[in-house]
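Have the sequence and the 3D view ready.

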Amino acid sequence: MANPVNLDLFGGPERPPGPLATPRRRTAEHRKHSRRPRWWHMARPYARPEEIGGLLAQIAEAGGGGEAGLKVALDVAEAWGGTKQYVPQRPDQGHPLVAIVGWEAALAIGTAIGGNDWPIPNAHRDLLPARRRLIRELHAELRSVTKVALELGIGEPTIREAL
């Protein structure tokens, strides 16, 4: 004989006690890592400062220029890309921008572009040349379009197009 199922007030089965009793909340750390495709993170080291444009170029210039500025711009794109964010002219220590890029870079960015809501680009287009370089390097190492596609999480036609 089967065990009877308790029903809640709405007629559905009652949730058992334990970890499934309450829905799991997604944390900011979880979202940060799951919002970008795998290739995005792998292509970052291959990016060049002259390849980024628009608002990210302004952020990179304010963040110190060169490689240091590129890192700052990509950190902002990773954290806020695809959203509209207010950037204050003088962020305080508790502002999220300070947590993303550090106090000095946040002050410089605030001075350069602060005081407005900005649509932060996700940097996918800016990282495409870096992705092509990464694909070529991985293909030289792995010698297989399929293995490169699996490694980067993108389709084989995209790999063939970049070669």
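Here come some questions and answers about this model.

This is a predicted model, where local features need pLDDT of at least 70, side-chain atom pairs count only at pLDDT 80 or more, and totals for chains, interfaces and linings use all residues. Residues are numbered from 1 along each chain as its sequence is written, and side-chain values use heavy atoms, with hydrogens and water left out.

Q: Is Arg-133 buried or exposed?
A: Buried means under 20% relative accessible area, exposed over 50%, and partly exposed in between (1.4 Å probe, protein chains only). Arg-133 has 18% relative accessibility, so the label is buried.

Q: Which residue meets Arg-133 in a salt bridge?
A: A salt bridge needs a side-chain nitrogen of Lys or Arg within 4 Å of a carboxyl oxygen of Asp or Glu. Here the N to O distance is 2.9 Å. The pair links helix α7 (residues 124–142) with the loop between α2 and α3, 82 residues apart. The partner of Arg-133 is Glu-51.

Q: What separates Arg-160 and Glu-156 in helix α9?
A: These two form a salt bridge, with their closest N and O atoms 3.0 Å apart. They sit four residues apart in helix α9 (residues 156–162), so the separation is about one helical turn.

Technical notes
Helix = DSSP H or I, 4+ residues; strand = E, 2+ residues; numbered from the N terminus.
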